[in-house]
Amino acid sequence: AKAAEDAPPSSRCAPGWHAYGAGERPARLQLDLSTVKLQAVEVSGDYNIWFGRYSGERGYARSAPAATRCHLDTDAGLTIADHTESNAPLCLHFAHGACGYGKNCNFRHRAPLEADESSGETRVDIFGRERHATFRDDMGGVGSWQRDQRTLYIGRVCVTGAEAEVHATVWNHFSEWGEIEYCRVLMTKGCAFVSYRLRCAAEFAKEAMADQALEKDEQLNLRWASEDPNPRAKTERLRLSAKLLLDAMRARGHAPPDGGAEPYAHGYADEADEQDAKRARGEDGSVVALPAKPRTRAEAEAEAAELAAAAAEEVEAEAALAAAQQELQAVSKLDSILGRIDAGHPDETDEVDEIPPRARSHSIGARALAARDDDAAPPGVDQPPAAWPAPSGAHAETPLLP
């Protein structure tokens with residue numbers, strides 16, 4: 001027992017206790033509880049754990065600026081949890097910079113590591129809080145376990161300086177909590193988006209930077225970012241999720257070793273819907289993004305003229321098709337009237353005047369040809385075709401159909 005006590009702390013601690021220069025020192029006391037005067041909150045009603053406020057409180061009221069802040073280089077260190085519990089979550093008060101227990105805390109005082117990403121439970125976050133099936137309406141709170149969310153929305157960013165300066169400021173403050181894959185600042189909207197490589201790092205940064213200030217006297221508003229609808233962003237998320245899953249399976253011996261094809265290395269099926277310039281591939285099969293080719297004014301005008309001519313041709317073709325269909329309907333109607341005449345119902349021929357003369361002549365000529373080819377008289381006529389009288393009147397000059 002004495003030998004175990006004399007052993008260095010690194011041999012007695014659970015795996016993953018070290019982080020960002022913490023060394024083997026004990027965790028620092030961030031807040032002296034003896035000097036803090038606690039006051040009861042004057043509220044009425046029940047506390048809503050979903051929205052984080054009491055019933056009756058205004059949801060749009062802005063919270064007070066953060067009075068404390070976590071500094072990993074001075075606050076991180078060993079606690080009781082590093083010696084007793086290997087799967088203890090991180091301390092939420094430590095992330096806020098307001099833990100009053102220091103080395104006697106039952107939670108860990110360090111930054112999230114990659115081991116926390118693979119060994120952690122999917123239904124709880126890095127602080128041990130249970131995540132929900134869906135996000136809150138305001139995209140705040142713990143988050144959802146159905147989506148591997150690693151991107152933060154940062155509102156109320158002061159953008160008075162140059163864009164490069166604001167980008168560097170956001171990057172420096174948020175890179176303290178983990179490795180950043182993507183950072184973008186929208187100067188016109190006063191907000192930024194930061195995407196971490198690990199989900200646990202995004203969860204820690206969301207709590208550590210809530211209501212904090214950057215270089216100016218702003219008060220940051222942190223929320224979970226909505227899902228990016230960009231197909232390439234979806235491909236990247238699928239690739240990273242599959243890679244993390246394979247790494248976890250390989251660590252436990254349930255997957256083949258390295259050397260196989262990287263999952264989603266060439267994208268997925270939705271990329272087939274993109275333009276040819278966006279899905280061009282090189283000799284090795286990798287996706288090559290071709291540069292956009294500028295067009296001159298003359299080329300744009302020529303393309304517009306071609307489109308207008310094509311539209312005019314389409315209109316003409318539709319008009320011709322409508323006319324042909326109307327003529328076909330008229331011929332069919334005339335054939336029906338003549339059929340009723342042959343059947344001995346002449347009183348039902350009032351619709352003849354509505355049929356165009358051209359369609360009427362076509363139908364009469366077709367019936368005459370049929371009678372001539374059959375060498376027989378129409379119904380009700382006893383004379384042969386040679387003895388028929390010549391047509392007169394409106395149908396005297398009507399040619400027979402070939």
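Let me start with a word we need today: a residue is buried when its relative accessible area is under 20%, exposed when that area is over 50%, and partly exposed in between, using a 1.4 Å probe and protein chains only. What we have here is a predicted model, where local features need pLDDT of at least 70 and side-chain atom pairs count only at pLDDT 80 or more, while totals for chains, interfaces and linings use all residues. Residues are numbered from 1 along each chain as its sequence is written, and side-chain values use heavy atoms, with hydrogens and water left out.

Let's begin with helix α8. Helices here are DSSP runs of H or I with at least four residues, strands are runs of E with at least two, and both are numbered from the N terminus. What do they pack against?

Next, the nonpolar core. By that I mean a set of buried Ala, Val, Leu, Ile, Met, Phe, Trp, Tyr and Cys residues joined through side-chain atoms within 4.5 Å. In soluble globular proteins, nonpolar side chains tend to be buried together. The largest core in this model has 39 residues, and those with the most contacts inside it are I154, V170, F174, W177 and Y196. At least two residues of this core come from each of α5, β3, α7, β4 (180–186), β5, α8 and β6. Which element gives the largest share? That is α8, with six residues.

Let's look at F174. Contact means heavy atoms within 4.5 Å. Leaving aside neighbours within four places in sequence, F174 is in contact with residues including I154, Y196, A205 and L222.

Now the aromatic rings. Rings of Phe, Tyr and Trp (its six-membered ring) pair if their centres lie within 6.5 Å; planes under 30 degrees apart count as stacked, over 60 as edge-to-face and the rest as tilted. The structure holds four such aromatic pairs. One of them, F94 with F204, is tilted, at 6.2 Å centre to centre and 55 degrees between the planes. F94 lies in helix α5 and F204 in helix α8, so this pair ties together parts that are 110 residues apart in sequence. F127 and F204 also pair, but stacked, at 5.8 Å centre to centre and 25 degrees between the planes. Here F127 sits in the loop between α6 and β3, and the two residues are 77 apart. Are F127 and F204 buried or exposed? Both are buried. Ring pairs link F94, F127, W177 and F204 into a cluster.

On to the strands. Two strands pair if DSSP finds at least two bridges between them. β3 and β5 pair in the antiparallel sense over four bridges, and the partner of I154 in β5 is A192. How many bridges join β4 to β5? There are six, and these strands run antiparallel too. In the hairpin of β4 and β5, four residues lie between the strands, and G190 takes a positive phi near 65 degrees.

Last stop: R131, in the loop between α6 and β3. R131 is buried, with a relative accessible area of 6%. Its contacts beyond four places in sequence include D125, W145, R199 and E203, so do find R131 in the viewer.
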